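Below are my notes on this structure, as numbered points.

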Amino acid sequence: MKSSHLILLAIFTGIAFSGCTKGRSFFQNTNTIEMGAWSQYKNAQYGFSLRYPSEAKKVGENASTIRFQNYSLDEDRQLELQHGDLIIEIVIIAKSPDQDGCTVLLSDSHVVALGSIQGLRGKVAWEGNPDPASVVCAERQDHYILIQTVEGGTTNPRGNAILESVLFN
């Protein structure tokens, strides 16, 4: 290989890898979201926290699911997400011997740091929803915790910022 080709390869490699940060894909959208006025949700039982837009409100909680959204459903509203709609859903799955965990649930996943633990970040497609949701999945002693975000009409920039804010202690 000619020395000029080696120099170009070295320059390109340096540029490409200087753009990478730990836990983020080189090709990920790097638009920054202003999170200063966002609220924080802390879950002491499962030991994690996340930040979310203040206009999103907790609309449901039971033993296995916690849901936030920034819109309300009324009789005139269609069920599909509109531009700007945001859903954050936290799903707690009890471990059982027949489950394979986060790696089986997610597609296009990669390891990310989530505070004091590592988890997986990727996509998950639920039955009846053709658009995969962006997800962080963490394994705890007795549970798997999936935090998913879906945003109507966009590439999910706020959802990505929410998932990047997830921390386990």
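1. This predicted model holds one disulfide. The bond joins Cys102 and Cys137, with the two sulfur atoms 2.0 Å apart. The angle about the S-S bond is -70°, making the link of Cys102 and Cys137 left-handed.

2. What does the bond tie together? Cys102 lies in helix α2 (residues 102-105) and Cys137 in strand β8 (residues 133-139), so the pair connects parts that are 35 residues apart in sequence. Cys102 and Cys137 are both buried.

3. On the interior, the general rule is that nonpolar side chains tend to be buried together in soluble globular proteins. Here the largest nonpolar core has 26 residues. Phe48, Leu50, Ile90 and Ile147 have the most contacts inside this core.

4. Several elements build that core: strands β2 (48-52), β4 (65-69), β5 (86-94), β6 (107-114), β8 and β9 (143-151), together with helix α3 (157-164), each supply at least two residues. Strand β5 gives the most, with four residues.

5. Which residues does Ile90 touch? Leaving aside residues up to four places away in sequence, the list is Tyr41, Phe48, Leu50, Ser64, Thr65, Ile66, Phe68, Ile145, Leu146 and Ile147.

6. Another core, of eleven residues, lies apart from the largest one. Its members include Cys102, Val124, Ala133 and Tyr144. Cys102 is also one of the two cysteines of the disulfide.

Notes: Residues are numbered from 1 along each chain as its sequence is written. This is a predicted model: local features need pLDDT of at least 70, side-chain atom pairs count only at pLDDT 80 or more; totals for chains, interfaces and linings use all residues. Side-chain values use heavy atoms; hydrogens and water are left out. A disulfide is a pair of cysteine sulfur atoms within 2.5 Å. Buried means under 20% relative accessible area, exposed over 50%, partly exposed in between (1.4 Å probe, protein chains only). A nonpolar core is a set of buried Ala, Val, Leu, Ile, Met, Phe, Trp, Tyr and Cys residues joined through side-chain atoms within 4.5 Å. Contact means heavy atoms within 4.5 Å.
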